[in-house]
Amino acid sequence: MADGSSGGDTLRVCEATLTDLDLLAQDMRSDEVEQVVAITGAPFHPGDTAFLFAQLGGPRWTLADPRGLPVACFGVEPRQAGAGRAWMIASKRGWEQYGWRMTRVVRKTLDTLLAEDFERIEVMALASRTAAREWYERGLGMTFEGYHHKWIRGHDFVTFGKVRT
């Protein structure tokens, strides 16, 4: 199975669509909404958020549940030669029902991208997102790289990275 599970509760990996992103943006966790607002400086609107993610370049995927409904979309936007910034949008339901499966798929995909396409992949998050910070380190195997005071629109952010070994 794509997610390493053995039963009927597997996640299917497919190409991400604007429709998938829109459905997910309507059910995002509050800390993820807070981060979108901090980055854009605009009030949160699911359709605008979906369109924002759809405009990012690079490879992108949807993780769909057994019924075919999206639980997460993720990808890596090329930033400069050999480097990319990972992103992800997920539903509350996705995290609750498929969190460890999503983690396995995302980590395996990032590791494959590092082996084949990128020398470095980074992520950024609001510094206040402690659960996300733990997930980047423990779940995705990334290394904390820095704390950026008042980095975007006066908000503190942190960065994590993973490099080809």
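Predicted model: local features only at pLDDT ≥ 70, side-chain atom pairs only at ≥ 80, totals over all residues.

Author: A disulfide is taken here as a pair of cysteine sulfur atoms within 2.5 Å. By that cut-off the structure holds zero disulfides. Cys-14 is in no disulfide, and the nearest cysteine sulfur, that of Cys-73, is 7.9 Å away.

Residues are numbered from 1 along each chain as its sequence is written, and side-chain values use heavy atoms, with hydrogens and water left out.

Next, the rings. A pair of aromatic rings is described by the distance of the centres and the angle of the planes. Rings of Phe, Tyr and Trp (its six-membered ring) pair if their centres lie within 6.5 Å; planes under 30 degrees apart count as stacked, over 60 as edge-to-face and the rest as tilted. Seven aromatic pairs turn up in a search of the whole structure. In one of them, Tyr-136 and Phe-160, the ring centres are 5.4 Å apart and the planes stand at 50 degrees, so the pair is tilted. Tyr-136 lies in helix 5 (residues 130-139) and Phe-160 in strand 7 (residues 155-163), so this pair ties together parts that are 24 residues apart in sequence. Helices (H or I, at least four residues) and strands (E, at least two) are DSSP runs, numbered from the N terminus. Both Tyr-136 and Phe-160 are buried. Another aromatic pair, Trp-151 with Phe-157, is edge-to-face, at 6.0 Å centre to centre and 70 degrees between the planes. Trp-151 counts as partly exposed, at 36% relative accessibility, whereas Phe-157 is buried at 0%. Tyr-136 and Phe-160 also belong to one aromatic cluster with Trp-95, Trp-135 and Phe-144.

Two packed helices are described by the angle between their axes and the distance between the axes. Axes are lines fitted to C-alpha atoms, for helices over the stretch in contact, and angles run from 0 to 180 degrees between N-to-C directions. The axes of helix 4 (residues 92-116) and helix 5 come within 11 Å and cross at roughly 45 degrees. That angle makes helix 4 oblique to helix 5: angles under 35 degrees count as roughly parallel, over 145 as roughly antiparallel, 65 to 115 as roughly perpendicular and the rest as oblique. The crossing of helix 4 and helix 5 is right-handed; a crossing is left-handed if the near helix is turned anticlockwise from the far one by less than a right angle, and right-handed if clockwise. Helix 4 contributes Trp-95, Thr-103, Val-106 and Arg-107 to the contact, and helix 5 contributes Trp-135, Arg-138 and Gly-139; contact means heavy atoms within 4.5 Å.

Helix 1 (residues 18-25) packs on helix 3 (residues 46-54), with axes that come within 8 Å and cross at roughly 135 degrees. Helix 1 and helix 3 are therefore oblique to each other, and their crossing is right-handed. From helix 1, Leu-18, Leu-21, Asp-22 and Ala-25 meet residues of helix 3 including Pro-46, Phe-51 and Phe-53. Leu-23, also in helix 1, is partly exposed at 42%.

Lys-150, found in strand 6 (residues 143-152), has a positive phi of about 50 degrees although it is not a glycine. Arg-153, in the loop between strand 6 and strand 7, likewise has a positive phi of about 50 degrees without being a glycine. Lys-150 is exposed at 62% relative accessible area, and Arg-153 is exposed at 54%. Arg-153 is 116 residues from Val-37 in sequence and 9.9 Å from it in space, C-alpha to C-alpha. Val-37 sits in helix 2 (residues 30-40) and counts as partly exposed at 31%. Leaving aside neighbours within four places in sequence, Val-37 is in contact with Ala-42 and Phe-44.

Note on methods: Buried < 20%, exposed > 50% of the residue type's maximum accessible area, 1.4 Å probe, protein only.
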